[in-house]
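Dear colleague,

I am handing over the structure below, and I would be glad if you could look through it alongside the notes that follow.

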Amino acid sequence: MKIPVILNGEKQILDARPDEKLLPVLRRQGLLSVKMGCTKGKCGSCTVLLDDKPIPSCIIPVAIIKNASIETLEFFLLTKEGEDIQNGFKQAGVNLCGFCSSARYFQTYELLKKVYRPSAEELEELSDSIKCNCCDRKTFINGVIYATALKHEREGRKNGLI
């Protein structure tokens, strides 16, 4: 089956069986940030942005993604939002194992899209939603706080300008 999509900003035609999951199709495209973990949509290692929402690619059949926009971590890190999060994580000393990277980046992105300044409860909920111990809770939360500040600075929201 030929499936038209926008993959990392480019129109492409994916060739796959309709019942095949998105994860192996992306891996065949050479997109290595999409990792195989639990294959049940719970661990986050296969997270991608599907129409700007984080989803586990291991449970999504390709037949339902016709004309969808898909972003993997490789592409996302080149965006302004991705750079904000990446630099915030660096400032806080967040060192990720690689298996949880997509989940941490995309869940942080989703939170920062919805909330101007995340509350302590929202930050704790975000941290607890990712089931990986490579990064301690406090360091990860600090990374999200730094990313929030960088986003505000880039958008001109620093010091109440907006």
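The largest nonpolar core has 22 residues, and those with the most contacts inside it are F76, I85, F89, Y105, F140 and V144; such a core is a set of buried Ala, Val, Leu, Ile, Met, Phe, Trp, Tyr and Cys residues joined through side-chain atoms within 4.5 Å, where buried means under 20% relative accessible area with a 1.4 Å probe, protein chains only. Two or more residues each come from α2 (73–76), α3, α4 (101–114), α5 (120–129) and α6, helices being DSSP runs of H or I with at least four residues, numbered from the N terminus. The most is given by α4, with 6 residues. Apart from this core lies another, of 21 residues, including L7, A16, V34 and I70.

This is a predicted model, in which local features need pLDDT of at least 70 and side-chain atom pairs count only at pLDDT 80 or more, while totals for chains, interfaces and linings use all residues. Residues are numbered from 1 along each chain as its sequence is written, and side-chain values use heavy atoms, with hydrogens and water left out.

Helix α3 (residues 80–92) packs against helix α6 (residues 137–154) at about 135 degrees, with the axes 7 Å apart; axes are lines fitted to C-alpha atoms over the stretch in contact, and angles run from 0 to 180 degrees between N-to-C directions. That makes α3 oblique to α6, a class that leaves out angles under 35 degrees, over 145 and from 65 to 115.

Best regards

Methods. Buried < 20%, exposed > 50% of the residue type's maximum accessible area, 1.4 Å probe, protein only.
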